[in-house]
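This report describes the fold of one chain, its contacts with a partner chain, and a detail of that partner. The sequence and structure come first.

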Amino acid sequence: MIPIEAVIVLGLLLFAIGFVGVVVRKNLVVMLMSLELLLNGANVILVGLGRRLDSPRGSVFALFVIIMAVSEAAVGFALVLAYFRQKKSYDVDALDDLKG
Amino acid sequence: MITLAVFALFAALAVAAAVLVVVQKNAMHSVLYLALTVLATSGVFFTLQAEYLGAIQILVYAGGIVVLYVFVIVIVNLKEIVPERRPLLPKLVLVAVPVAVGVEVAYLLIARGFPAAPGRAEGHGFTAVAETLFGSYLFPFELASILLLAVLVGAIIVARRKLVHDPD
């Protein structure tokens, strides 16, 4: 039996690494990848809690999170492609059109 | 005992690969490490007896999302490595904040202990998941299909090359 603390700490680690990636990196594609890491960490915790509470809801919620991650990746990449066509760059520093 | 060892192996693999995703300078290497993280996470799901989710993770994440990332990196030609300029001090602060949040939650969890599970166990096998998904969560499930349809249409409209001229 896997202790629930170990599962939650693993999820937290993945979440924190993804968070660091979103905040520190400036490459749009790597930022989107870090977002996937973040959602993965949340999924690990959901599944661990479903196992601990002996409930199917952990898996069901994690399934919805995966569906949302797919949608986010598809729309995010469409936006990255449109942005790349406009600017010929994928650096967030170039995203300053609305700066006063 | 052996389950715990396998869990520890997959967990260490997932964390190491996740760190490499963030650290790599070349985006293509990041994607390959992301694939490794996703596969290791599916191993974690298998050890947690969530077989359905482990299979979905491999099919959708490793087979769908990671391939999508590879295509996009090829299309936008991310081969050349652009150095990311950011001073050291802000970078350290930006790393410290998520780490502090994670350490705080882990500390609270370990110091207080996880509360005992309430009764009414429903099981977490295939049958229980299917009955819950198509019973209590049927409406969100159908909404998810509408969301995916909207994403399909929206992604095509956003990513297409130029506006189509309507003859009218």
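Of the 100 residues of chain A, 58% count as buried. The model is predicted.

Chain A contains three helices and zero strands, and its order along the sequence is α-α-α. The radius of gyration of chain A is 17 Å, well over the 13 Å given by the globule rule for 100 residues, so chain A is more spread out than a compact globule. Along the principal axes, the C-alpha atoms of chain A fill a box of roughly 55 × 25 × 20 Å. Among contacts in chain A with a separation of 6 or more, 48% come from residues 24 or more positions apart.

How many residues of chain A are in contact with chain B? The number is 61 residues of chain A, against 69 residues of chain B. The helices α1 (4-24), α2 (28-52) and α3 (57-87) of chain A each supply at least two residues of the side that touches chain B. The largest share of that side, 21 residues, comes from α3(A). By class, the side of chain A that touches chain B divides as follows.

| Class | Side of chain A that touches chain B |
|---|---|
| Nonpolar | 42 residues |
| Polar | ten residues |

In chain B, helix α2 covers residues 27-47, 21 residues in total. From its first C-alpha to its last, α2(B) reaches 30 Å, close to the 30 Å expected at 1.5 Å a residue. Just after α2(B), Gln49(B) adopts a positive phi of about 65 degrees.

How values were computed. Residues are numbered from 1 along each chain as its sequence is written. Chains are lettered from A and ligands numbered from 1 in the order in which they are written. This is a predicted model: local features need pLDDT of at least 70, side-chain atom pairs count only at pLDDT 80 or more; totals for chains, interfaces and linings use all residues. Helices (H or I, at least four residues) and strands (E, at least two) are DSSP runs, numbered from the N terminus. The expected span of a helix is 1.5 Å times one less than its number of residues. Two residues are in contact if their C-beta atoms, placed from the backbone, lie within 7 Å. Ala, Val, Leu, Ile, Met, Phe, Trp, Tyr, Cys and Pro count as nonpolar, Asp, Glu, Lys and Arg as charged, and the others, Gly among them, as polar. The radius of gyration is taken over C-alpha atoms; the globule rule is 2.2 Å times the number of residues to the power 0.38. A residue is buried if 20 or more other C-beta atoms lie within 10 Å of its own, exposed if 12 or fewer, and partly exposed in between; C-beta atoms are placed from the backbone.
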